[in-house]
Amino acid sequence: EKLCDWLDSLCKAMDSAVLPFLEGVSPIIEKYGSLEEEAIDDKKTIIRLQGELIKKKDAEIATIKESLQSTVEKEMKSYASTVSQSCSKALAPKHISDAIKCAAEKEDRRKNIIVYGVEKRKKYRLRLCVDTTA
């Protein structure tokens, strides 16, 4: 009988203390559920918007790629034609022979001499050290 009284008083204490607490938790659980649903919806929206952004960026990249490719092709053709025209003129046999003649006329190596035993200095007056009358 004492045990029954003790269990009865324990049940009354639990009812008076725990039930009000559980009733207060119920709205919190419902609010948490709705917040969780909103978070899932927000994540779906973010994923959808990221997909749209990726599609737009891919379209931009494709446009830039096409534009860049056509520009590079045009410029390479222009550069190639310019180089071929200038090289064909520069490597013509007449131009090469004229350049050799011009270089030969400007520099007469017969007049070059080497003087051994004289130190090389800046602003050196060779005529003062070497007798040029011989």
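Asp8 is partly exposed, at 40% relative accessibility (buried means under 20% relative accessible area, exposed over 50%, and partly exposed in between, with a 1.4 Å probe and protein chains only). The model is a predicted one, in which local features need pLDDT of at least 70 and side-chain atom pairs count only at pLDDT 80 or more, while totals for chains, interfaces and linings use all residues. Residues are numbered from 1 along each chain as its sequence is written, and side-chain values use heavy atoms, with hydrogens and water left out.

Asp8 is paired with Lys12 in a salt bridge, with 3.5 Å between the closest N and O atoms (a salt bridge is a side-chain nitrogen of Lys or Arg within 4 Å of a carboxyl oxygen of Asp or Glu). Lys12 is exposed, its relative accessible area being 54%. Both residues belong to helix H1, which covers residues 2–90, and they are 4 residues apart, about one turn of the helix. Helices (H or I, at least four residues) and strands (E, at least two) are DSSP runs, numbered from the N terminus.

The structure contains 2 salt bridges. Another salt bridge joins the side chains of Arg48 and Glu52, at 3.1 Å from N to O. Arg48 and Glu52 are also placed in helix H1, 4 residues apart, with about one helical turn between them. Arg48 is partly exposed at 46% relative accessibility, and Glu52 is partly exposed with a relative accessible area of 37%. In general, side chains of opposite charge can pair when their charged atoms come close.

A negative surface patch consists of Glu36, Glu37, Glu38, Asp41 and Asp42. Patches are made of residues with over 30% relative accessible area and no salt bridge; like charges are joined within 9 Å, and nonpolar side chains (Val, Leu, Ile, Met, Phe, Trp, Tyr) within 5 Å. Asp and Glu count as negative and Lys and Arg as positive, with His and the chain ends not counted. The place of a charge is taken as NZ of Lys, CZ of Arg, CG of Asp or CD of Glu.

For the protein, the secondary structure amounts to 3 helices and 0 strands, in the order α-α-α from the N terminus. Of its 134 residues, 0% count as buried. The accessible surface is about 13,300 Å², and carbon and sulfur atoms account for 61% of it (Shrake-Rupley method, 1.4 Å probe; for residues, only the protein chains shown count as cover).
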